[in-house]
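Please open the model in your viewer and keep the selection tool at hand.

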Amino acid sequence: MATVSFAKASRLYPGNPVPAVNELDLDIEDGEFMVLVGPSGSGKSTALRMLAGLEEVNAGEIHIDGADVSRKAPKDRDIAMVFQNYALYPHMSVAENMGFALKLKGVPKEERMTKVRDAARLLDLEAYLERKPKALSGGQRQRVAMGRAIVREPSVFLMDEPLSNLDAKLRVETRANIAALQARLKTTTVYVTHDQVEAMTMGHRVALLKDGVLQQVDTPRNLYDRPKNAFVAGFIGSPAMNLRHAQLVPDGAKLGDTVIALPREMLERAHRIGVEQIQLGIRPEALSLSDRGLALQVSLVEELGSDSYVYGSLAGDNPATDRPIVVRVAGRTAPRIGETLTVSAEPGQEHVFDASTGDRIG
């Protein structure tokens, strides 16, 4: 096991003036499961590849267990990487695939097979050790790739979107297995995904990147409850947080013809820094049916069984620029498309961001 540290680490590709990863500062604790998440092009996979030694570090440093590995070859970093496409040798059996790296290191066959069998037991692969990869399902191949990493007993596991080739049901099952396995092995793990649900359900902490810049790193709960800026607020959560531009008034924020009451200290904080235009954020579950509040015309209903998500627009909304407001309601009381609902926000569940910078105010 080991600690990992990015110290203002940057990656600049030739011909592109904008860094793919820009002065990344990130400390990962010994035994921690850290998830790097962000949209396409955010720099998360590049950061992982920099840690693996597959991408050059143009500025700054990367440390593993206190040692600067920025200029070391991948084989000298004591890491094991699990790729999106499994990267299994088709002509080798499962056991041979899992033990191949140990064979290259000259580990005796008996010791090698002991490690392979131990990993296969952890991953429920004992019955498949003599099969070739083509005879396995996608989930089983992914477990073989995990096993190949485990037998090496590295200081750090690196996983680059390892579940993206699996179907939805298997993805949910496998991510639970990976999280449980990491908890048992207690090996420091850096995991890359574009799926924020995956990030929230697996990571001890989550680091969210945008355009190569770290936006926030925190526990999943704190990312959800206290997003640092409007980008984090809109990215974390499914469905996403409702974000609307609003004007501050003496009692709160005016959205359409309705004033959403805000805490006095939040209003005072905004006035102290000279903010009048804000982005008001409210989670779908913080909105509920009410006798007074925002009037929404229902445009879409997603019925999910126990819950339903209702999408609606306010009077005067521009369909081209204003995203629908989403409300979570009980599944058996879902309204119909075309109906008009009145919803109000649960007090204290409002999030307020500076409209010009996106930074959190309260």
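**Stop 1: the largest pocket**

The lining of the largest pocket comprises 14 nonpolar, 1 polar and 4 charged residues, where Ala, Val, Leu, Ile, Met, Phe, Trp, Tyr, Cys and Pro count as nonpolar, Asp, Glu, Lys and Arg as charged, and the others, Gly among them, as polar. The model is predicted: local features need pLDDT of at least 70 and side-chain atom pairs count only at pLDDT 80 or more, while totals for chains, interfaces and linings use all residues. Residues are numbered from 1 along each chain as its sequence is written, and side-chain values use heavy atoms, with hydrogens and water left out.

Select Ile79, Met81, Phe83, Ala101 and Arg152, which lie nearest the centre of this pocket among its 19 lining residues. A pocket is an open set of points on a 1 Å grid over the protein atoms alone, where a 1.4 Å probe fits, with protein on both sides within 12 Å along at least five of seven lines; lining residues have an atom within 4 Å of a point. The volume is about 480 Å³, taken as the space filled by probe spheres set on the points, which are joined across faces, edges and corners. β6 (79-82), α2 and α4 each supply at least two lining residues, and α2 gives the most, with 4; helices (H or I, at least four residues) and strands (E, at least two) are DSSP runs numbered from the N terminus.

**Stop 2: the helix pair**

Next, select α2 (residues 94-104) and α4 (residues 138-151), whose axes come within 8 Å and cross at roughly 30°. The two helices are therefore roughly parallel (angles under 35 degrees). On α2, display Val94, Asn97, Met98 and Leu102; on α4, display Val144, Gly147, Arg148 and Val151, for these residues make the contact (heavy atoms within 4.5 Å). By class, this contact has 5 nonpolar, 2 polar and 1 charged residues.

**Stop 3: the second largest pocket**

Move to Met241, Asn242, Leu243, Arg323 and Pro324, the closest to the centre of the second largest pocket among its 19 lining residues. This pocket holds about 350 Å³ of space. Its lining has 11 nonpolar, 5 polar and 3 charged residues, with at least two each from α8 (230-235), β11 and β17 (325-330).

**Stop 4: the largest cavity**

Which residues line the largest cavity? Select Asn242, Arg244, Leu255, Leu280, Ile282, Leu287, Leu294 and Ile325. β11 (242-249), β14 (277-282) and β15 (287-303) each supply at least two residues of the lining.

Note on methods: Axes fitted to C-alpha atoms, helices over the stretch in contact; angles between N-to-C directions. Parallel < 35°, antiparallel > 145°, perpendicular 65-115°, else oblique.
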